[in-house]
Amino acid sequence: MIEYLNILITEIYKIFLLIIPILTAVAMIVWLDRRVWAFVQKRRGPNVVGPFGLFQSLADALKYIFKEIIIPASSNKIIFVLAPIVTMTLALISWAVIPFSEELVLANINVGILYLFAVSSLGVYGIIMGGWASNSKYPFLGAIRSAAQMVSYEVSIGVIIINVLLCVGSLNLTDIVLAQKNLWFIVPLFPMFIIFFISALAETNRPPFDLPEAEAELVAGYQTEYSGMMYAMFWLGEYANILLMCSMGSILFLGGWLSPIDLYPFTLVPAPLWLIIKILLLFILFSLVKAIVPRYRYDQLMKLGWKIFLPLSLTWVVLTASYLFYFNLLPVN
Amino acid sequence: MIIHTIFFYIFSIIAIFSAIMVTVSRNTVHSVFFLILDFITISCLFIMIGAEFIGMIMLIVYVGAVAVLFLFVVMMLNVSKQKNEWLGDEKNSNHIPIGLLISGIIFFELIIVVGGWKYKPELLKTFSSIGIDLDSTNTHEIGKVLYTDYIHLFQLSGMVLLVAMIGAIVLTFRKREGIKRQSYFRQISRERTEGVELADPKNNEGVKIDV
């Protein structure tokens, strides 16, 4: 029994060691997002609280904690409270399989990429539950929009993942990174990287695909009736999801924790730092897109997903498979 | 192994409870949420017996796609009202014997399968031509069997799904007349000469626009 307790305590310790940096990173990333956004628009952004405004997110979080949580009288109360919890939990549990280096991973499971894909496809439930349970028009419209949008773009993300898996021959995330030791997949699969990036924007409801919370039409979409800490949980979950999509992109295409060149000055940098640098790079791209691209119309969004991305990525699967088969490069074990 | 057993019983109790709640709960949206909970716990059970590939595919396909559409339909149509009408009316309850018949058939089939497996445990192994290799992952094992021995059945089921998909699209597709559609090609290929006309208005006369 003592043995079991020991295992349990070490596992809980590991989980805390993972979750606390991630929550801090999410808070910091919100600040970074606002700063990048401000710099593009020649503003200063949050720069008052703490050095460079670094503690702005903490101040915001404090404000949310002390605000009153309002539950609408006609709402479905259990589901209304459950929705932000679901969003937040799903955004955090997917970090369990992300490898920060060859040894530094909480759960090195055989079907890591499937797990990531499954959890990110569950993310739609937080939004649908919130939208439906609010029992009000704007949240419901936002929820319906986001459900259709996320289901459509998941399809193309799945097909892109198949592309990568064809080159790797394993569903394990560590294997996927190690397969890129000689050549990052961004080089042979560059068009897929672009499509993955755009689909990730749509999957995380980021501008230019933020139709579920389009403030010009739907007030705040599915978040309209939420207040205080429940709203903050939606918000944190969203940013944790964005970080997760960035890390998925860097693991699938940018070689995860591997350094760009296997030479002396680059090998000094510890492996997790490389992954963090890549995630930050992708995230800055995310926030640049937010600042410079106008919002899509809904039919344009659907057309892009089903009529352009899906055929393109399917064609690329056929191309990759034929190429690997013809030159006898298929990974066999 | 004790922990394993405890988790197994927790998951099975949740699975059975949510399966019962799917049929019992009054609110139809709640029953869909219980269905989702059921799918999730069953995929947890799959993972516990070591079939992680099937568990994850179950999550992706059923919870990530099928149940979302279920939820969609149930939220959009007022199904709960219809359900109450059905159940409240005594005359229209003739679908209950049919349900009982179907559940009886399923129960009978389950007894045959489980009974056969309990009676002769080595029976299942004779069906598969390839012995199970414990060293490789079950994703590899499924791939080896699915794309070699059962490739025709696999392709056939894919064909059935494709036909069903095309059928659904044909049934719901309708072409509406008189709708302005955006054509990117026409928008981009428009020249300046088509869109702009230089007029030379005379004093006190103006220009006639619609010719």
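At what angle do the axes of helix H3 (residues 77–93) of chain A and H5(A) cross? In this predicted model, local features need pLDDT of at least 70, side-chain atom pairs count only at pLDDT 80 or more, and totals for chains, interfaces and linings use all residues. Residues are numbered from 1 along each chain as its sequence is written, while chains are lettered from A and ligands numbered from 1 in the order in which they are written.

The answer is roughly 165 degrees, with the axes of H3(A) and H5(A) coming within 8 Å. Axes here are lines fitted to C-alpha atoms, for helices over the stretch in contact, and angles run from 0 to 180 degrees between N-to-C directions. Helices themselves are DSSP runs (H or I, at least four residues; strands are E, at least two), numbered from the N terminus. H3(A) and H5(A) are therefore roughly antiparallel; angles over 145 degrees count as such, under 35 as roughly parallel, 65 to 115 as roughly perpendicular and the rest as oblique. Their crossing is left-handed, the term for a near helix turned anticlockwise from the far one by less than a right angle, with clockwise being right-handed. On the H3(A) side, the contact includes Ile79(A), Phe80(A) and Leu90(A), and on the H5(A) side Tyr125(A), Met129(A) and Ala133(A) are among the residues taking part. Contact means that the C-beta atoms of two residues, placed from the backbone, lie within 7 Å. Sorted by class, this contact has ten nonpolar residues, three polar and no charged. Ala, Val, Leu, Ile, Met, Phe, Trp, Tyr, Cys and Pro count as nonpolar, Asp, Glu, Lys and Arg as charged, and the others, Gly among them, as polar.

Another pair in chain A is H6(A) and helix H8 (residues 190–203), packed at about 150 degrees with axes 9 Å apart. That makes H6(A) roughly antiparallel to H8(A), and this crossing too is left-handed. Tyr153(A) and Ile157(A) are among the H6(A) residues here, and Ile195(A) and Phe196(A) among those of H8(A).

Between H1 (2–40) and H2 (56–66) sits Lys42(A), with a positive phi near 60 degrees despite not being glycine. Lys42(A) counts as exposed, with 6 C-beta neighbours inside 10 Å. The loop between H1 and H2 of chain A also holds Phe52(A), whose phi is positive at about 55 degrees. Phe52(A) is partly exposed, having 13 other C-beta atoms within 10 Å. The cut-offs are 20 or more such neighbours for buried, 12 or fewer for exposed, and in between for partly exposed. Further along, the peptide bond from Pro207(A) to Pro208(A) is cis, with omega near 5 degrees.

Chain B has ten helices and zero strands, and 14% of its 211 residues are buried. None of the 25 residues of H5(B) is buried, so this helix lies largely in the open. H1(B) has one buried residue out of 23, so it also lies largely in the open.

Where the chains meet, 17 residues come from chain A and 16 from chain B. H4 (112–122), H5 (124–133) and H6 (137–168) of chain A each supply at least two residues of the chain A side, with the largest share, six residues, coming from H4(A). That side has 14 nonpolar, two polar and one charged residues.
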